[in-house]
Amino acid sequence: MAGGVSSQFRAGEIPHPLFYARAEGARLTDVDGNEVLDFTLSQGPMILGHSHPAVLRAVCEAISQGQLYGAQHMAELELAEMLRSLIPCAELVRFSLSGSEAVHAALRVARAYTRRPKFIKFEGHYHGWFDNVSFSINPSRQEPHVSDLLSPARWTQGISAGLESQLLVLPWNDLQRLQAVLERRGSEVAAVIMEPVMCNNGCILPCPGFLEGVREACDRHGVTLIFDEVITGFRISSGGAQKHFDVVPDLAVFGKAMASGFPISALVGKRKIMECMAAGACIHAGTLNAQNACVAAALATLRELLNPEKDLYSKLFRLGKQLCKGLSDAGAASRQRILIQGLGPVFHMGFTDLDKVSNFRDTFKYDTARYREFCLGMRERGVRLIGRGIWYVSAAHTEEDINRCIHAARECLTAPQIPQPARAG
Ligand SMILES: Cc1ncc(COP(=O)(O)O)c(C=O)c1O
């Protein structure tokens, strides 16, 4: 295993990449038999908790009939219809395996539809690991401004040469700057892509009027607006951020929470754009797309999330709010400045003197070493967290789990801090 992991993000597990043997509900058990209360939810997908019985039952039933027909099946149609009924912009649907692939398809179809070459992405937003979007994800603080644009910063070695020229990078939540760039260069721009909540860096909410302003500017300049809802989709509402904020994009990408850990993603969007794919002029493909187990897992997950008797979205927001308040109070009691931002089912916690973080460059004010130390302390107390500060709440968490986590946080925050070596810069 190169680096011991199958995804680079797993190399960041605290205290180091670990091996697990089983997972159920809100808990995982590692190979040494240690049980941990999970707020990583495997980077978000496990919204119902691990090994949800209804999902496992549906998958077993589906694969007993066949695994992959390499053709259409009725469950796939049922899932597409469900997405259409839930997601405001979903007039037509295509399934892929991962969020990265669906983002790739979204940008391709936007270019095909507009016949324009470039797209706008925002600093600090993550849209998967493919070449064209592997820029300005977590750049160093030195990246300069080039007039009103930011220089695209390569995220990794090995990206094809020249891709920077397809990309315009802007700070998020700055409507005036976006409007000015579209005024000057709108005729070159196929799409604006964004996380409608900047979950991957600080869980930053859109400023009031920002999403509406972007929608209006895209309409004025004939630019396709793409919401990357891989995190927000089915997490902050059954129709994603577009339903929560009541701003409808042209295209949107869903993944993660849609199928409880089974590999399926969806590109959904307006008929007039998606029809470029329907006619075959713009190609999207994949041998394993809409594979039977994944579709069954998605249908079972969505049915569970939508069950009116269970009212799981109210539960996710209630538990999330309780957790945010408990962590905030624990910070205040320990006289440490912690900032919590986001929405209950997904939020970010960090150590900073700022009262608000509104764009990527503000996130440099987080004390990431202190947060790592906090995560280590939580891990020692049986709580598993993501080292980047993002927290996920599942429907399998209980009030007792939340209280247990808050209790562990209070202990950690009052424990003597391990002296850190001085940091440069
Ligand atoms: C907002 C967003 N878009 C796209 C992706 C890529 O999805 P995947 O890891 O399924 O390829 C992620 C993954 O974390 C994400 O957070």
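I counted aromatic pairs first, and the structure holds 13 of them. I took Phe, Tyr and Trp rings (the six-membered one for Trp) as paired if their centres lie within 6.5 Å, calling planes under 30 degrees apart stacked, over 60 edge-to-face and the rest tilted. A note on the source: this is a predicted model, where local features need pLDDT of at least 70, side-chain atom pairs count only at pLDDT 80 or more, and totals for chains, interfaces and linings use all residues. Residues are numbered from 1 along each chain as its sequence is written, and side-chain values use heavy atoms, with hydrogens and water left out.

**Entry: Phe39 and Trp391**

I found these two ring centres 5.5 Å apart with planes at 50°, so the pair is tilted. Phe39 sits in the loop between strand S3 (35-38) and helix H1 (53-63) and Trp391 in strand S16, so the pair ties together parts 352 residues apart in sequence. Helices (H or I, at least four residues) and strands (E, at least two) are DSSP runs, numbered from the N terminus. Phe39 is buried at 0% relative accessible area, and Trp391 also counts as buried, at 0%. My cut-offs were under 20% relative accessible area for buried, over 50% for exposed and partly exposed in between (1.4 Å probe, protein chains only).

Next I looked up Phe351 and Phe374, an edge-to-face pair at 6.0 Å centre to centre and 70° between the planes. Phe351 belongs to strand S14 and Phe374 to helix H10, 23 residues apart. Both are buried. I also saw Arg370 over the face of Phe351, 4.7 Å from the ring centre; this needs NZ of Lys or CZ of Arg within 6 Å of the centre and within 35 degrees of the ring normal.

**Entry: the sheet**

I then traced the open sheet, three strands in the order S13-S14-S16 with antiparallel pairing. Strands S13 (338-343) and S16 (390-392) are the edges with a single partner strand each, so one side of each has no neighbour in the sheet. The twist averages 25° from one strand to the next. Six bridges join S13 to S14 (residues 346-351); DSSP must find at least two for strands to pair. Phe351 turned up again here, as the bridge partner of Ile338.

Helix H9 (residues 312-333) packs on the sheet, touching S13, S14 and S16, and its direction makes about 170° with that of S13. Helix H10 (residues 368-380) touches S14 and S16, at about 115° to S14. Contact means heavy atoms within 4.5 Å; axes are lines fitted to C-alpha atoms, for helices over the stretch in contact, and angles run from 0 to 180 degrees between N-to-C directions.
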